[in-house]
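Biologist: May we go through this structure together, one question at a time?

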Amino acid sequence: MKEVKCECGHVNPHGTVFCEACGKLTKEQEENKNLLDMRYEGSARRSQTYNKSVIDKVWNFFSSVKVGVWLIVITLSASAVGTILPQEMYIPNTMPASEYYADQYGWMGKLYYQLGFHNLYSSWWYLILIASIGISLVICSLDRVIPLYKALKRQRVTRHEGFLKRQRVFGESPSLNQDEIEDIKQKLVKKRYNVREENGNLLAEKGRFSRWGPYVNHVGLIIFLFGAMLRFIPGMYVDKVLWIREGETKVIPETNGEYYLKNEEFILDIYDKEKDNEAFDKALDRVGMVVKNYQSNVVLLQKEGDTIPGEKPELKKIKEYPIQVNKPLKFENFALYQVDYKLDELSKMSFKLTKKDSDQSLGDITINLIEPEKEFNLKNGYSVELKSYFPDFAFDENQEPTTKSRVPNNPAFVFNVISPENPEGEMSFVAIQQTIDPGEDNLYKMSFNGIETRNVSALTVRKDLTLWTIAFGGLIFMIGVIQGAYWNHRRIWIQQIGGTTWIAAHTNKNWHGIKREIGQLIDGTKLTEPMDQSINEEKE
Amino acid sequence: MKQKRLVIRSIILVILATAVAYTLYANFTKDNVKAVNVGSKAPDFALVDLNGQKHKLSDYKGQGVFLNFWGTWCKPCEKEMPYINNQYHYFKDKGVQVLAVNIGESDLAVSKYVERKKMDFPNVIDKDSQVQNAYGVNPLPVTFLIDPNGDVVKIHTGALTESMVNEFMTQIQPLKEK
């Protein structure tokens, strides 16, 4: 790899378009009369020059902005495709995902599932795409920021004529004397330029810091991606759902059995035309019922002492808290959010024992559907035995009674009624809205006598230790954006060449701004306003 | 110079590749991150069976424990119960203990079910899901095989056949009993 020595004495890396120090163009460039491309100060992006080992080839692949843009385009398209069918977490629980997609959407659904679109963020190829974008960011940035930094650091005050002539803003004026130069220098300093002087030549520069904006921004993105990666480390991120009935005390998952929660009450408020502000009336007329508040009143408890799972723990009350939407209960690194609810789950069921022929009542029983008792003693020699209990009753394929779940959605009972006439008892089967009498000769019947219900709250148990990293990445990202967007890197060269004064200027953005500044600068001097050469170039 | 470039590029690429590889690995295994893993100590617990007798896992040290989680509503559980029962009778005096943990159902529903299905082994009920949480049990049935040292040697999710039950119990049988 040959380094190129410029006539000014500076040694440039191979592939440099114009000298880092004086701006003299290389021979090939010299013939080109167009304006200079100042994007990376003419420095050599290293990927374009070395292409030797496998490492270099991999490096150069990721160093290409074209590759980076394609990676982003592909990732965006994949994300878009991922929204066509519902993601796995939103499909009903009735059948496994492997069957669901094919069943609902045919061959397209099957393909969708096989390609991993059903759980996009966990698809290996999607993760590889995201990771490749991250790698591309790191390598693209490194490959550009380092040469750019070096080139800007090595630039000299006196630049080569060819460099000045090819700047977009350029003009020739009559020669200035020392006082006039001093005067312009003061004006530049006043405009907060950093002015360097060399043999009567000036280089005024400000806002170089703006050039680092994109790279700061990329550092922010990398930190952001790193934060997202942290979620995979056990203990950094928890996202679980806890269903808890009113009155129940349950261990909070992922707390190693240390914290318990008691649900005192679930409240669902709706807007009431009578009580609430009239302003809502119109909206309420239009849509009907609108929920005002979802709230779970809970008590946070902490386990005291050393009990092993299964033993009744001694619980200490930590605090009571009304959890509302977006007002989670927070403790340690955990937060419990109101996420769902179920109203009026059956909790108790009452029956009346009556004589079949006379409807004479012989007593009531109330069955706790979560923990039913086995026997109910009534007066006068009557008692009821609960022979079987099916909380979520259904007939299985053999027409045997069975339960579909442990939730009392559809309770059914087999009773044995013991009476003075029948000390052995007579059996009956009772389910909601159906009493299946096994025998016509039963003397008594259990008739339905009311229910008690309670509500169930669903809370999201969330712990996220990665948030600070992600927020920090976001902050750095924004700093980079601001740095690059609100400052301009402006340079003005004023050089004495062969009895004339040359002015050339460059800015990375806002050309109007720099032209106006130059206008103010030359006001009252011999200098003539430089031209914007890009206008001529366009005409040609 | 060239050497330095190669070294720096290699280091950066290795760091990036490691991060990507870890993320992919963690993603593939995230569904298997369990509270209890094969090779780890089985978390101790104590539950009371239907006859009022307390069963503490650590009391069974020196014996293999066939720890089964089940529910009355769970179809595959129903299928494997007779097999477990048969093998329980065969292994109960050979150093293998069966503990069946029902997840949070009522005493009545469980005891009637146990009666109906003629399950002779100890059945305990995990009322407040403490043991379920400690073992990270989600879909039922799940069987943990715990060796005489108290280490988990196998975790099986899903229904078992009788030959599997037999094989599993043989696997955790103390050496001196074989």
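Modeller: Let us begin with a loop residue. A:Glu332 lies in the loop between β11 (329–331) and β12 (334–355) of chain A, where helices (H or I, at least four residues) and strands (E, at least two) are DSSP runs numbered from the N terminus. This is a predicted model, in which local features need pLDDT of at least 70, side-chain atom pairs count only at pLDDT 80 or more, and totals for chains, interfaces and linings use all residues. Residues are numbered from 1 along each chain as its sequence is written, chains are lettered from A and ligands numbered from 1 in the order in which they are written, and side-chain values use heavy atoms, with hydrogens and water left out.

Biologist: Is A:Glu332 buried or exposed?

Modeller: Buried means under 20% relative accessible area, exposed over 50%, and partly exposed in between (1.4 Å probe, protein chains only). A:Glu332 has a relative accessible area of 58%, so this residue is exposed.

Biologist: What is the phi of A:Glu332?

Modeller: Most residues other than glycine have a negative phi. A:Glu332 is a residue other than glycine with a positive value, and its phi is near 45°.

Biologist: Where is A:Asp344 found, and what is its phi?

Modeller: A:Asp344 is found in strand β12 of chain A. This residue, other than glycine, also has a positive phi, near 55°.

Biologist: Is A:Val298 buried or exposed?

Modeller: A:Val298 is found in strand β9 (residues 291–304) of chain A. Its relative accessible area is 2%, and therefore A:Val298 is buried.

Biologist: How many Å apart in space are A:Val298 and A:Lys262, C-alpha to C-alpha?

Modeller: A contact means heavy atoms within 4.5 Å. Not counting residues up to four places away in sequence, A:Val298 touches several residues, including A:Lys262, A:Tyr321, A:Ile323 and A:Leu459. A:Val298 and A:Lys262 are 36 residues apart in sequence, and their C-alpha to C-alpha distance in space is 5.5 Å.

Biologist: Where does UniProt place the feature "transmembrane region" in chain A?

Modeller: UniProt annotations may be inferred rather than shown by experiment; positions are given in the numbering used here, and feature names are shortened. In the model, residues 67–85 of chain A are 79% helix and 0% strand, with end C-alpha atoms 29 Å apart, while residues 215–233 are 84% helix and 0% strand, with end C-alpha atoms 28 Å apart. The unreviewed UniProt entry places the feature at residues 67–85, 124–146, 215–233 and 465–487.

Biologist: What radius of gyration does chain A have?

Modeller: The radius of gyration is taken over C-alpha atoms, and the globule rule is 2.2 Å times the number of residues to the power 0.38. The C-alpha trace of chain A spans about 135 × 55 × 55 Å along its principal axes. A compact globule of 540 residues would have a value near 24 Å, but chain A has 40 Å.

Biologist: What radius of gyration does chain B have?

Modeller: Along the principal axes, the C-alpha atoms of chain B fill a box of roughly 80 × 40 × 30 Å. For 178 residues a compact globule would be near 16 Å, but chain B has 22 Å.

Biologist: Which pattern does chain B follow along the sequence?

Modeller: Chain B has five helices and seven strands. Buried residues make up 49% of its 178 residues. Read along the sequence, the pattern is α-β-β-β-α-β-α-β-α-β-β-α.
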